[in-house]
Every structure is written in structure tokens, then in C-alpha cells.
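We'll walk through it together, one region after another.

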Amino acid sequence: MITTAENNIDHIYTKKVGDLHFRNLSVCPVHTPVFEVARLMAKDKISCFFIGDSPNEIIGFVTDITLRDRIIADKLSFDTPVGEIMDRNIVYIQDSAFLYEALLMMFRTKTRYLLVKNKETFVGWISRNKILSEQAQGPFVFIQSVKQSMDTEELKEKWEQVPQIIHQLIDKGLKSQIVNQIITAVADTIALRIIENTIREIGEPPAKFVFFVLGSEGRAEQTLKTDQDNAIIYEDKANEHREMVREYFLDFAERVSFALDQVGFVFCKGGFMAKNPKWTHSLSHWKRNYESWIQESTPETVMKYSTFFDCRPIYGEFGLLEDLRKFMDQQLENPSEKFFINMGTNALQFEPPLTFFKNIKTYKIDGEKHFNIKKTMTPIVDLVRIFALKYRIFETNTGDRIRMLEEQKIFTDKEAKEISHAYYYLMGIRLEKQSLQLMENKSNPTNHVSTDELTKVQMVTLVEIFKVIKEFQLKIKIEFTKNIF
């Protein structure tokens, strides 16, 4: 029997933004006094009003919260032009997008409202509450509850509930790339809550900064076995303020990292964390890092670059990371000759566990045959990354990189489908095994998969996937290392 909750979960993944009855656009010029905007919002019973010369020339918006925080709380005149207090962070989505995509975008951008576009024309707007009302239960309502958690202990309790939710979604056949995005959204929400609590505790930062995540979280491919991979960029300050600024952010990073560890995101064994002084720096220092990694390439710097190329901002001044990306793009126009050779060699470091006789190569744990599924997936992440680097594709998600490489004709349609299907098939097995380990065995999740627990169909599929990975690795050998042996 299908329950109402199950119907609601299905609904959120099949219904599109255009299927909703979204609000018509209400627009006023920047010089409109705020009291007039408030009057129009009260008249139409809406919580959001857009600012611009026309519905297709929108430059900002105000909400009921904007009026409260920037007019009433600051005791500004009600005649203040709305353009002086509006929010310029316009976020929009196409009406052909799915509701789950809209919600993930809202959680990622920390906005409660999305403009809706039909091709190139704005046709209305939707609120997060409107979409959440489409489902009485499900992962997105859960994410909203995480957002409202008050302290580290409550966040820890929320994170412990995630395996059950993930197992239900996988059991219903939800695509693993969507499940990855949901886990990532929960992790981001937890990190944001911790960051906000920390700033409240120690005071406002003395400089603009961005807190960004790396590795699997940077690629929005988080699983249930996860550690911390993060860093901080802060704006350059005058010499007399540098020491004070750096002291603040190192203290801030230490507190955030400790809280994340308490929740369940353990410390990174490799030290790729903002609490490590190596990975909390000014923008100019970060630019020097990237320049040396690209121009003075060594096997060690390639490992660092591989980690930091898969990065994504989650809090603060996103423009700082964008500035660094533009600098990186310039550096990649003329990298040292050994840069891509070293990157290619690094991408070939892990081989799919396939024996000479086309069987799965295993090792024994407590008498059972296992293979490491993370190390099996690593070659796919590495090979897609190196092609993205060469063709200066700055998407971080592996699936998005594959799609863009296909669009640029670097991968054929067949190659893109094969490598994408391979990656997400492995991801599905990995997520299923980890959720069961946490739920049934009450043990820490691992990346070890017992072949005894796999069906014959799964075993045959895995062998074919390993063959596909080996073919792609040959492509890397030829194109990047100039070596086919």
C-alpha cells in the first residue's frame, strides 16, 4: 500500500516549477518610497516585491523581513527610496525545472524566493513555503527543520536521522545523483548553522571572507562516510590589520571545525581543513598558492590542486572564490608542460579492481571477500577532472562536468553515457551499503563492499563498468602522459 508520505516524495521529483500556480510579478522603480512598497505588499497580501523598470529588467527585491530589519530596526524614514535597502541577490529558475531542483537551489543560495523564467522571460515567482506545502513529509521538510536547529547537539541528532531518509529514497529507486544533492544540502545547512552560531559567539568578522568546501562535498557528491574538507579565503587588508584579521579567522575556523566534528563530520586525516593554518589565507596568498601549483608542478602539488580544484563556496563573499577562479583560468592558459603530465599520472594512480581474467579483484575482511568502492570510483572522478581542467570547465560536480564535456564534443554521446552510468551505478551501491551499515549494524560506514552481498547481475554489471574505466584510462595515457604502456 502506497502511503500519503510516499506519494508526496514522488510528487516532489516528478512535478515541475511550471506546474505550480506561481505568483504574478509586482514591480516598482528604485525611487519608490518604502511606505508605498509596504502598502502594495499589504494590498496584494504578498511577502516579496521586485524592483526594476519592468518585469524583464529586475535588479532587486524586498521582503517583509527586509522592511523589518532595514527600515524599522534601523529607524529609517518611511520615505527612503526602496532602491537603498533592496536585496540585489536575484536568483531565478526555468519553469521546466523540477521542484526538487528549485528547493535545492533555494537551500544552496539561502533565498526564500525564486523568480521563474520561461526561456528568456520572467513569468512570476515562487516561495520556498509554497513548494514545501506540496509535500507534507520528505527530505526537504527535513532540511528546513535542520535549518531551524538551535545548537550543535540538535544538529547532531538531525545528522543521525539522515541514513534512514537516504535508505528510503534509494529503496524507492531515486537516482543516486539526486540523493547526493540531498545529503550535500543537509551537510551545507548544518555547516551554515554552525558558522552563523560561531559568528554570534565571537563577533562579526573583521574582513570579508568566504568559507568553501572541497573534495566530494565541493563536487556536491557527499556520501554518509564523510570527513571535513574546507578552507577560508579572506580579503587582503592593510599591514597593520593583517595579524588581527588572521587571528580572528584561525580562531573562527578552529571553533567551526570542532563543532562539525561533534556533529559527525570528523576531522580530515590529511589536514585539508580551515583550522589548518595552511588553508586559511588572504586572497593574494591563495593566488600565489595556485600559481605555484600550476607553474611548479610536482606529484605533491598535483594532489593539492586536485583537491582544491573541486571547491564550492557555501558561506560569505562568494566573489572572493570567483576572483580566485578567474586567476586560475588565466594560469591554465599557459601551464607548465609537466602540469598535465603529472595530473595524468595522478589520474592513473588507482586502477579498477579487475583481474587478468576479468573477474573482480578482492581482499578478505573477517573471511569475506571485499573491494573498496571509493577507490573504484576515484579513477572516474580523476579522469573527468583532468579533461575539465584541460578545457577550462569550472563546474565542480562530476555529472555536470561530463555533460559539458559532451556538449563541447570532447566526449562522444556514447562515452558520456557510459562513464556517467558507471559513476552513478557505483554511487548507488555505495550509498545503499553505507545507509544499511549505519541503520542495521549501528557501525561507522565504510567503503568496503562484500561481493557475497551482491547479486549475479550486480557482479556482471560491475565487471563491465571496470572495463569502461580501463578504456578511459587508456584515453588519458595517450592524451596526457603520451604513454600507452
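First, the ground rules. This is a predicted model, in which local features need pLDDT of at least 70 and side-chain atom pairs count only at pLDDT 80 or more, while totals for chains, interfaces and linings use all residues. Residues are numbered from 1 along each chain as its sequence is written, and side-chain values use heavy atoms, with hydrogens and water left out.

On a 1 Å grid over the protein atoms alone, a pocket is an open set of points with protein on both sides within 12 Å along at least five of seven lines; a cavity is a set where a 1.4 Å probe fits but cannot get out; and lining residues have an atom within 4 Å of a point. Grid points are joined across faces, edges and corners, and a volume is the space filled by probe spheres set on the points.

Take the second largest pocket, with about 1,600 Å³ of space. It has 48 lining residues, and those nearest its centre are Lys-225, Asp-227, Asp-229, Lys-374 and Asn-447. Helices here are DSSP runs of H or I with at least four residues, and strands are runs of E with at least two, numbered from the N terminus. Five helices, α7 (152-171), α9 (215-218), α12 (299-309), α15 (373-390) and α17 (413-439), each put at least two residues into this lining, and α15 gives the most, with seven. By class, the lining holds 17 nonpolar, 15 polar and 16 charged residues. Here Ala, Val, Leu, Ile, Met, Phe, Trp, Tyr, Cys and Pro count as nonpolar, Asp, Glu, Lys and Arg as charged, and the others, Gly among them, as polar.

The largest cavity has about 80 Å³ of space. Among its lining residues are Ala-187, Phe-211, Glu-217, Asp-227, Asp-229 and Phe-265. Look back at the pocket and you'll find Asp-227 and Asp-229 there too, among the residues nearest its centre. Both α8 (176-202) and β7 (209-213) supply at least two residues of the cavity lining, which divides into six nonpolar, three polar and three charged residues.

The second largest cavity has about 50 Å³ of space, and its lining includes Phe-50, Phe-61, Ile-90, Thr-111 and Tyr-113. Strand β5 (residues 113-118) gives the largest share, three residues. This lining has seven nonpolar and two polar residues, and no charged ones.

On to the helices. At the start of α16, a side-chain oxygen of Asn-397 comes within 3.0 Å of the backbone nitrogen of Gly-399.

Helix α14 (residues 337-347) has buried residues too, including Phe-339, Phe-340, Met-343 and Ala-347. Their cover includes α11 (283-295), α12, α13 (318-333), α15 and α18 (456-481).

Thr-307 lies in α12 and is buried at 18% relative accessible area. Beyond its neighbours within four places in sequence, Thr-307 is in contact with Leu-214, Gly-215 and Phe-272. Ser-435 belongs to α17 and is buried, at 0% relative accessibility. Not counting residues up to four places away in sequence, Ser-435 touches Pro-163, His-167 and Leu-224.

Last, a look at the backbone. Most residues other than glycine have a negative phi. Just after α16, though, Lys-409 takes a positive phi of about 65°. Asp-366 is in the loop between β11 (363-365) and β12 (368-372). Is Asp-366 buried or exposed? With a relative accessible area of 80%, Asp-366 is exposed.

Key: Buried < 20%, exposed > 50% of the residue type's maximum accessible area, 1.4 Å probe, protein only. Contact = heavy atoms within 4.5 Å. Polar contact = N/O pair within 3.5 Å; in protein donor to acceptor, adjacent residues only side chain to side chain.
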